[in-house]
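Please open the structure in your viewer and keep the selection tool at hand. The stops below say what to select next and what is there.

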Amino acid sequence: MDGVPEHVLVPLDGSPLADDALMHALAVYDCQVTVLNVVTPLDEPLSEGGILELDESRREAAEDRAEAVLTRAREQADAAGQTVETVVETGDPAETIIEYAEAHDVDHIVMGSHSEARNALARRLLGTVATTVVGDAPVPVTVIR
């Protein structure tokens with residue numbers, strides 16, 4: 001990479017800071033932008049599955065929410081006169097973001113920070129994703145706050 005990205009990955013989770021990350025990527029980078037939403041399996045330790053029983057309606061709700069996040073991203077890109085590729089993956093959010101970047105020739109990640117989460121547990125759990133990606137990603141990461 002010679003300083004100018006050719007493929008930027010923007011992980012989206014539906015939060016305002018993630019939306020800000022997408023708008024930043026669209027405004028700053030003139031290249032392929034992929035929007036990634038990660039659905040966490042209900043049996044993952046950070047999911048509510050550790051507390052609640054697995055349920056088909058929960059899985060469907062998570063998939064519907066992912067599609068809504070990606071539809072909104074396509075609408076935002078369209079309003080900015082650009083297009084984005086959209087992808088849904090399942091897994092641990094930080095690991096999935098890093099693995100996607102490695103497997104798809106991503107050379108920059110732009111993501112929102114969750115330091116403004118309202119409660120301490122959400123701030124700790126969600127902030128861990130950005131912290132892990134910054135520490136472990138094979139490419140530069142821009143964190144929008």
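Select helix α3 (residues 93-103), which in this predicted model lies across β1, β2, β3 and β4 and runs at about 150° to β2. Helices (H or I, at least four residues) and strands (E, at least two) are DSSP runs, numbered from the N terminus, and the angles, from 0 to 180 degrees, are taken between N-to-C directions of axes that are lines fitted to C-alpha atoms, for helices over the stretch in contact, where contact means heavy atoms within 4.5 Å.

Before going further, note that residues are numbered from 1 along each chain as its sequence is written, and that side-chain values use heavy atoms, with hydrogens and water left out. Because the model is predicted, local features need pLDDT of at least 70 and side-chain atom pairs count only at pLDDT 80 or more, while totals for chains, interfaces and linings use all residues.

Now select the strands, which form an open sheet of five in the order β3-β2-β1-β4-β5, with parallel pairing; two strands count as paired if DSSP finds at least two bridges between them. β3 (85-90) and β5 (141-144) stand at the edges with a single partner strand each, so one side of each has no neighbour in the sheet. On average, neighbouring strands of this sheet are turned by 25° against each other, direction ignored. Between β1 and strand β4 (residues 108-112), which run parallel, there are two bridges, and His-108 in β4 is the bridge partner of Val-8.

Next select helix α1, which lies across β1, β2, β4 and β5 and runs at about 145° to β4. Within helix α1 (residues 16-28) pick out Asp-19, which counts as buried because its relative accessibility is 13%; buried means under 20% relative accessible area, exposed over 50%, and partly exposed in between (1.4 Å probe, protein chains only). Leaving aside neighbours within four places in sequence, Asp-19 is in contact with Leu-12, Arg-72 and Gln-76.

Then select Val-8, Val-10, Leu-12, Leu-22 and Val-110, the residues with the most contacts inside the largest nonpolar core, which has 19 residues. A nonpolar core is a set of buried Ala, Val, Leu, Ile, Met, Phe, Trp, Tyr and Cys residues joined through side-chain atoms within 4.5 Å. At least two residues of this core come from each of β1, α1, β2 and α2 (56-79), and α1 gives the most, with five residues. A second, separate core of 17 residues includes Leu-9, Ile-98, Met-111 and Val-129.

Which residues does Val-33 touch, not counting those up to four places away in sequence? They are Val-8, Val-10, Leu-22, Leu-26, Val-84 and Glu-85. Val-33 is found in strand β2 (residues 32-39), and it counts as buried, at 3% relative accessibility.

Move on to α2, whose buried residues are Ala-66, Val-69, Leu-70, Ala-73, Gln-76 and Ala-77, and whose cover over these residues includes α1, β2 and β3. After α2 comes Gly-81, with a positive phi near 75°.

Finally, colour the chain by pLDDT, the predictor's confidence in each residue, from 0 to 100. The mean for the chain is 85, and 79% of its residues reach 70 or more. Over residues 47-52 the pLDDT is below 50, and this stretch has eight contacts in the model beyond near neighbours in sequence. Where pLDDT is low, the predicted coordinates should not be read in detail.
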